[in-house]
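Please examine the sequence and the three-dimensional structure shown here. The questions and answers that follow discuss them in turn.

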Amino acid sequence: MMKSKVLQLALAILLTAASAAAQDDFPDLTHLNMEDLLNLQVTSAGKKPQKIADTAAAVFVITQQDIRRSGASSVPEVLRMVPGLHVAQLDASKWVVTSRGFSTRYANKLLILVDGRSIYNPMFSGVFWETRDVPLENVERIEVIRGPGGSLWGANAVNGTINIITKRAYETRGTLVTASGGFNSPSIGMVRQGGEITAGLSYRGYVKYLDRGNSDNPQGNSAADRWNTMSAGFRMDWDRSGDALSISGDLQKIGSGEINQLAVSLSPPTLNTFESRNRTTSSSILGRWSHSFSDDSESTLQFYFDRQALQVAIAGEKRDTVDFDFQQRNKFSRHELLWGVNYRTSEGEGTQESFAARIDPVTRRDTLAGVFLQDEIALVPSRLSVALGAKLDHNSYTGLEFQPNVRLLWTLSKSRTAWLSASKAVRTPSRFESDLHVITEIMPPSTSTPLPIVADFSGSANLRSESLSAYEIGYREQFGGRLFLEADAFFNVYRHLRTFENGTPFVDFTGSPHITAPLYVANKLGGETYGVEITADAWISRIWHVTGNYSFLRMQLNLAPDSTDTFSAKAGGQTPQHQFYVRSGVDLWRSLEADITYRFVGELPTLEVRSYSSVDARLGWKLSAAFEFSLVGRNLLGPHLEFVPDLGDGMVGESLVKRGAYAKIAWRF
Amino acid sequence: VRKVILSALLLLAGMELLAGRAPAQAEPANTGYNIKAAFVYNFAIYIDWPADVLKTREEPFVVGVVGSDAFAELLRHTLAEKTVRGHRFMVKRWATAKNIKDCHIVFFTAETQDVATALSSLGTTPTLTVGESAAFADAGGMINFLVDDNKLRFDVNAEAGRRANLTMSSRLLSLARRVR
């Protein structure tokens with residue numbers, strides 16, 4: 001889990017930062033553009049400005065500018081600009097977001113943190129994006145790290161980590177009122193108020209409302225997928241020399257929907273198709289205290305409590321999580337040492353039992369305790385550094401997990417860096433994989449089988465963690481102040497990926513007689529993925545900025561010879577092989593911005609989703625310092641399908657992503 | 001595969017060490033001034049001065065520094081080989097805020113006394129004023145640097161810029177923490 005001042009960490013952690021050119025007494029930074037200059041750390045530690053891009057990992061930072069100019073109205077949409085990620089809109093409320101493969105709504109290899117608080121759900125291992133609403137106006141930046149982060153963040157940071165970092169309260173003083181609406185777009189309203197109480201003590205509070213109407217399925221009927229959220233939150237920051245204290249919290253009430261089909265009875269009609277309204281209420285509070293002992297030593301203590309009641313068609317759960325996290329950074333001679341301990345306890349209580357599904361035991365408390373250590377060593381100061389790190393975790397499902405990592409950063413010159421890494425990461429089993437029992441299908445009696453056949457899935461306590469060994473290499477170069485290029489490649493070896501195995505059918509006389517076809521989980525899939533991600537960022541002229549990227553991915557998954565799984569290996573065809581994104585932003589006049597985004601997403605052969613191209617456009621007009629107006633058009637090339645329900649959660653039907661447009665006003669005073 | 005990668009890592013490290021480049025040396029102290037220097041360069045680019053200023057190619061673009069000699073030296077070093085719209089840079093330094101004249105940008109370092117008087121004596125001449133203190137901002141300076149959450153930020157007093165006939169690009173304004 002990420003903690004404390006995320007940026008400092010990401011730096012310290014990910015190893016490194018040969019500052020742009022400490023060879024000179026006065027490192028010249030004019031080759032960086034202004035956005036990059038603002039991202040430099042003026043750390044008290046060594047007073048050394050560090051560039052987040054100078055890390056030995058595939059890091060992509062989304063700034064407030066990027067968010068605003070992308071015209072996006074939710075976090076997943078913003079993430080479309082990140083190379084190596086696959087973002088697909090499943091319906092009006094649901095999203096699929098994955099890094100480097102394995103796309104599904106239940107994507108389980110990407111860890112998501114909001115200000116250091118994990119929103120990765122241990123019930124089904126993954127993130128239901130629609131159940132956590134982060135107002136984009138409060139976001140300072142989003143750091144996306146592709147590749148394993150297990151040595152720092154622990155389990156489930158297998159293919160990537162996304163850190164959503166909100167603005168400090170001081171940055172949001174004053175009042176902000178925003179309203180937006182249009183067609184095939186959400187209606188959003190938000191009010192935020194912040195201020196400085198005394199020197200060093202600031203606060204903000206906000207309320208936000210969002211409503212996105214039902215979308216249509218390809219047949220023209222309603223997909224019953226309306227999404228509505230109500231959320232409120234606050235943040236207080238207190239700074240004194242050497243100490244920083246931050247407390248934040250939020251309350252959310254969220255509804256989303258889908259058409260679902262669940263088994264209801266052994267006798268016909270065996271299945272019920274209905275419009276399911278999924279409800280989530282959540283509350284969280286987080287406190288973080290950082291203390292600097294000196295320029296070279298800093299400690300951070302973080303605590304959070306998170307409560308979420310989640311109700312989806314197939315199951316419901318109430319979960320309370322308490323998390324403590326401590327970490328310390330120390331610099332001495334050529335070493336920068338970062339270490340930390342964490343403890344998390346999380347209790348989930350099943351709140352729904354039905355004919356189709358039950359969870360056993362109903363209530364379960366899991367604990368997670370871990371320790372990590374990382375040493376970044378300047379082998380040749382400001383030229384070559386190596387970071388060695390590892391995390392040792394103990395969890396309730398698989399016991400001890402060890403996730404080591406080695407990263408090498410080579411600063412070839414002021415403007416060129418290269419890096420290499422080798423790491424191991426794991427994805428631990430979820431509560432569902434361990435404790436869920438669900439009837440996934442009932443086949444009525446036929447001439448060949450006189451009894452109904454019931455496909456009965458059971459979780460298993462013997463499931464192992466999925467593991468990844470990853471090898472990455474990257475290179476980046478800044479050409480003058482105008483062009484930045486970055487390329488990275490990875491080779492991933494997966495072992496013990498989860499599979500769904502068929503057991504031996506048997507005749508079951510409990511209730512009315514039927515044949516039970518058991519389905520159980522095992523770890524019988526392995527394979528390799530490899531890919532390349534290329535990013536370019538160019539200032540073509542003073543007023544014209546173009547950014548773009550291309551991602552290539554190949555997946556080769558192989559079932560163990562004794563596996564009876566029929567669909568897990570198809571995951572290889574659920575993430576596009578080719579993706580391309582380009583965004584152009586022009587400052588037409590002092591107060592007028594024009595942005596256009598084009599993206600191409602390759603086909604998903606196993607889901608029969610065709611490749612598509614899409615164009616978004618935005619006009620932003622700053623009427624005065626206080627008033628901003630923007631017009632956004634989305635998916636202008638017409639309707640397309642981005643993803644379809646792919647796992648047996650009962651969700652049926654597809655939903656088209658259609659042309660849409662909205663207008664937005666923002667008023668600050 | 002793992003072996004190959006590990007040996008590649010070791011080989012790279014070994015080559016770098018054998019080459020004997022970059023002997024161990026202390027990192028220079030830095031207070032964020034090189035970031036500010038880079039910004040001064042960007043201000044020259046992203047702000048338009050009135051057409052009657054800098055009419056001939058030969059005229060240098062003059063940046064004045066009040067107070068810190070070290071910063072003036074750093075700026076000289078940073079801007080030495082650069083040009084803006086064909087004009088080379090010239091850095092002047094004043095120990096105090098009195099008698100500042102003939103500059104396109106004036107940077108009042110934190111140690112400057114009596115900023116208010118200096119700003120009012122500049123009046124509405126097309127001079128971009130840059131500072132790094134609350135006193136500077138309060139006195140009506142145009143661009144004020146501050147450090148927040150370990151990062152450099154700047155506030156812009158766009159009204160003051162307009163009065164001096166300077167046109168700031170929207171890109172610059174959009175990067176400001178606060179515009180008033």
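Q: What share of the contacts in chain B between residues at least 6 apart in sequence join residues at least 24 apart?
A: This is a predicted model, in which local features need pLDDT of at least 70, side-chain atom pairs count only at pLDDT 80 or more, and totals for chains, interfaces and linings use all residues. Residues are numbered from 1 along each chain as written, chains are lettered from A and ligands numbered from 1 in the order written, and side-chain values use heavy atoms, without hydrogens and water. A contact means heavy atoms within 4.5 Å. Among the contacts in question, the share is 55%.

Q: What percentage of the residues in chain B is buried?
A: Buried means under 20% relative accessible area, exposed over 50%, and partly exposed in between, with a 1.4 Å probe and protein chains only. Of the 180 residues in chain B, the buried ones make up 54%.

Q: In what order do the 5 strands of the open sheet in chain A lie?
A: Two strands pair if DSSP finds at least two bridges between them, and the pairing in this sheet is mixed. Strands E4 and E7 of chain A, for instance, pair in the parallel sense over 5 bridges. The order is E1-E6-E7-E4-E5.

Note on methods:
Helices (H or I, at least four residues) and strands (E, at least two) are DSSP runs, numbered from the N terminus.
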